[in-house]
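Hi,

Here is the structure I promised to pass on. Have a look at it first, and my notes follow below.

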Amino acid sequence: MAHEATATIGETLGAATGGEIATRIKSVAQVMFCNGCCCGRTDRGYPAVPVERIKAIWKAEKLNRGVQLTISGCLGPCDLANVAVIVTAETTTWLGLIEGDGDYDALVDWARRIRRGEGSTAIPDRLASRRFDRFASAKAIEPDEAVVK
Ligand code: FES
């Protein structure tokens with residue numbers, strides 16, 4: 001089965017590297033643009049996600065060498081559609097209420113700067129107010145008495 005084959009490859013690589021595995025495919029950052037059940041669904045009243053335009057820019061300018069592009073299904077916090085996530089070695093940044101070419105262009109320009117090696121991975125100022133905390137503390141979750149027996 002495919003799952004078993006993957007585990008075997010992982011175990012083989014782990015043994016070859018002393019118990020750790022590593023990817024050769026490293027970028028400075030990864031951006032995930034949600035295009036799921038709400039984000040981008042103009043028929044449901046949400047702003048468009050310019051998926052084809054973004055993908056064309058990434059391909060033409062080889063931006064994946066700096067920033068891995070992912071167009072994703074629902075990332076979860078639909079109440080803040082449109083959503084994007086930026087992941088770097090230092091941090092993960094969730095952005096919500098992204099709307100319009102200006103917001104998406106700011107992220108394209110951010111990726112271009114990283115691709116050119118122009119320093120910081122800090123998110124564009126334009127989007128600073130759109131950051132949000134995605135996760136609750138595990139301590140905030142009450143045990144479900146119906147499950148705990
Ligand atoms: S569809 Fe984007 S967060 Fe759910």
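What pattern does the protein follow when read along the sequence? The pattern is α-β-α-β-β-β-α-β, with 3 helices and 5 strands in the protein. Helices here are DSSP runs of H or I with at least four residues, strands are runs of E with at least two, and both are numbered from the N terminus.

Two notes before the details. This is a predicted model, where local features need pLDDT of at least 70, side-chain atom pairs count only at pLDDT 80 or more, and totals for chains, interfaces and linings use all residues. Residues are numbered from 1 along each chain as its sequence is written.

Now the sheet. The 5 strands form an open, mixed sheet in the order β2-β1-β3-β4-β5 (two strands pair if DSSP finds at least two bridges between them). At its edges are β2 and β5 (131-132), each pairing on one side only.

Strand β1 (residues 29-34) runs parallel to β2 (residues 67-72), joined by 6 bridges, and F33 stands opposite I71 in β2. Between β1 and β3 (residues 84-88) there are 5 bridges, and this pair is antiparallel; here Q30 has V87 in β3 as its bridge partner.

β1 also belongs to a right-handed β-α-β unit with helix α2 (residues 51-60) and β2. Right-handed means that, with the strands pointing away from the viewer, the path from the first strand over the helix to the second runs clockwise.

Finally, buried residues make up 21% of the 149 residues (buried: 20 or more other C-beta atoms, placed from the backbone, within 10 Å of the residue's own).

Best wishes

Key
Buried ≥ 20, exposed ≤ 12 C-beta atoms within 10 Å, placed from the backbone.
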